[in-house]
Amino acid sequence: MATHFFGLKDRTFYHSHAVGRNEFAGTGFRNPVDMAIASDGSVYVVNRSYENRPDGVHMTVCTLDEEYISAFGEYGEGDGQFVWPTAVALDSAGNVYVADEWTNRISKFTADGDFVSKWGTAGSGNGELNGPSGLAIDSHEHMIIVDSKNNRVQKFTIDGQFISSFGSEGSGDGQFNLPWGIALDSNDNIYVADWRNDRIQVFNNDGEWQQSIGETGSGVGQFNRPNGVAVDSDGDIYVADWMNNRVQAFAPDGRFITQFTGDAALSKWGKDKLNSNPDMIRQRNLAYANDPSYERKLAHPCGVRVDEQGRIAILDHTRGRIQVYVKEDEPVLR
């Protein structure tokens, strides 16, 4: 697909492949809610699973080339455990930080998944948390947290010392209604998915409001509960539009570029599972006989990230997979 708008350079996007399948453990994901991509290509995927299947709560580590690496974490309130994990971020040393909205804490792990430490206190005062739902680490190694149920964003040192906060409940500029996801651009500007206000708000690193993108609806540039956001090296903005089952792309000034609704084929892991189970192949063929396009589509995308190669990774929540798109700055014949 390609989009051309006056004042915008040409961009061509194409679907590359899908990664993963629905699994409670091993080579797949179960109700994934967020991911982070390391400089070495490792992808850390937060699996929230179901309340009646807490054995699926963990972190999956893989690559966008569908190489399974490892898994760590489990359900619980002890060290290195999660109850309702929501977000993940990486520091410059590759350490992994996971937010848990049940325990209102941030847990730190090594890149290999070994538990290091935890911090966080429930409440509404400075430095206290009520439903942390988005994590980002800026170039100064400050952690920026979307404090969802307190309708604000807080900034901490990497070890949890409070620095500052901004935002309050409401629908005006700089106000939030249950914000969720967060991203930073190359200048450390802060992009927040303002979930119930159906918009993305942009702030500088000091928390001063810059612009808002979007409004409620299902049309071009409109959102229905946006919950994930990413910014690429060109400053283009990608928004996981949860209830509209799509990801929308915008130029840095907020102009709409294009949307992704899903183009997936079976992943390698999915093929491996089906090839080992003929009954499952028959069931799948019957399920998709009435709508052959069903499997391709996004179903409640909840996260989007861009890796160092410029690949756009979309976390496909209900389908338990990642859909990968590639952006070309100039049109390419394929």
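Buried means under 20% relative accessible area, exposed over 50%, and partly exposed in between (1.4 Å probe, protein chains only). Strands (E, at least two residues) are DSSP runs, numbered from the N terminus. The model is predicted: local features need pLDDT of at least 70, side-chain atom pairs count only at pLDDT 80 or more, and totals for chains, interfaces and linings use all residues. Residues are numbered from 1 along each chain as its sequence is written, and side-chain values use heavy atoms, leaving out hydrogens and water.

**Exercise 1.** Find out whether E5 is enclosed or open.

*Solution.* Start with one side of E5: His58, Thr60 and Cys62 point that way. Met59, Val61 and Thr63 point the other way. Now check burial. Six of the six residues of E5 are buried, so E5 is largely enclosed by the rest of the structure.

**Exercise 2.** Which strands pair with E5?

*Solution.* Two strands pair if DSSP finds at least two bridges between them. Take E4: it runs antiparallel to E5, with six bridges. Here Val46 stands opposite Met59. Next take E6 (residues 68-72): four bridges join it to E5, again antiparallel. Here Thr60 stands opposite Ala71. Four residues lie between E5 and E6 in their hairpin, and Glu66 takes a positive phi near 65°.

**Exercise 3.** Locate the largest nonpolar core.

*Solution.* Such a core is a set of buried Ala, Val, Leu, Ile, Met, Phe, Trp, Tyr and Cys residues joined through side-chain atoms within 4.5 Å. The largest has 15 residues; Met59 and Val96 are among those with the most contacts inside it. Strands giving two or more residues to this core include E5 (58-63) and E10 (96-100).
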